[in-house]
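Dear colleague,

I am passing a structure on to you, and I would be grateful if you could look through it alongside the notes that follow.

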Amino acid sequence: VQGLPWPDCRQFAHKAVAVYQNWHNQQCAQLSQYLPQWQQELTRLVRLPSFLPHSLVDSWVNRVYDDLTSMGMSLEEAHKRLPEHIASLSPWILNTSDQLLERNSRWIENERLNWEVLFNQVESSPLNISQQHAVLLNDDHNLVLAGAGSGKTSVLTARVAYLLQSHLAQAEDILLVAFGRDAAGEMEQRLKNKIGLAAEKIQVN
């Protein structure tokens, strides 16, 4: 605009502002179409009556980013357009693991109460809190580290019982692997004694 007469500069500025405002309104309108879908799906996931695995939330996050890409918009730009709405979703998008840990920790604490009978009776001694958490942990991939004599076999027995009784798995879908024949034999016998016929089709190797 350098060198243009003042009336022309003013006309250009008004036009630029109008174009920007129109573009801004279009982006807000697009966001308003997608936001209810994102919020509804996230609410559904958080309220699932089960352990929430990373894969489900990761799929949701990928969908949000795909939708933003289709609109030609970044998450930061979306936040500038509709800050209050995006602020409620951002923690799940940017800090997924932290949000999952908090959500699943609350779920496990509530779920433990529903399985008190199993945890108290599956072995001669009730399972402790750490053992109960190991039984209920149900992410896509789970790693539980335990030393000798810490009750690994008891946890595995309770875990099998929990998976079967909660219908999260069928017996024929479960495989238990031990590092020696003696340990495998002990595990198989424990399943027969504690779970009975329901564990008949479980493979122990």
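**Notes on the model**

S150 is partly exposed, its relative accessible area being 34%; please bear in mind throughout that this is a predicted model. The residue sits in the loop that runs between helix 7 (129-136) and helix 8, and although S150 and Q131 are 19 residues apart along the chain, their C-alpha atoms are separated by 9.0 Å.

Turning to S154, which belongs to helix 8 (residues 152-165), I find a residue that is buried, because its relative accessible area of 16% falls under the 20% cut-off. Its side chain is joined to that of E123 by a polar contact of 3.4 Å, and once the neighbours within four places in sequence are left aside, the residues in contact with S154 are E123, L127 and R190.

The other point concerns a pair of helices. Helix 2 (residues 54-70) packs against helix 5 (residues 96-114) at an angle of about 135°, and the two axes lie 11 Å apart; helix 2 is therefore oblique to helix 5. The crossing in which helix 2 passes helix 5 is right-handed. On the side of helix 2 the contact is made by H54, V57, D58 and V61, while helix 5 contributes T96, S97 and L100.

Note on methods
Residues numbered from 1 in each chain as written. Predicted model: local features only at pLDDT ≥ 70, side-chain atom pairs only at ≥ 80, totals over all residues. Heavy atoms only, no water. Axes fitted to C-alpha atoms, helices over the stretch in contact; angles between N-to-C directions. Helix = DSSP H or I, 4+ residues; strand = E, 2+ residues; numbered from the N terminus. Parallel < 35°, antiparallel > 145°, perpendicular 65-115°, else oblique. Left-handed = near helix turned anticlockwise from the far one by under 90°. Contact = heavy atoms within 4.5 Å. Buried < 20%, exposed > 50% of the residue type's maximum accessible area, 1.4 Å probe, protein only. Polar contact = N/O pair within 3.5 Å; in protein donor to acceptor, adjacent residues only side chain to side chain.
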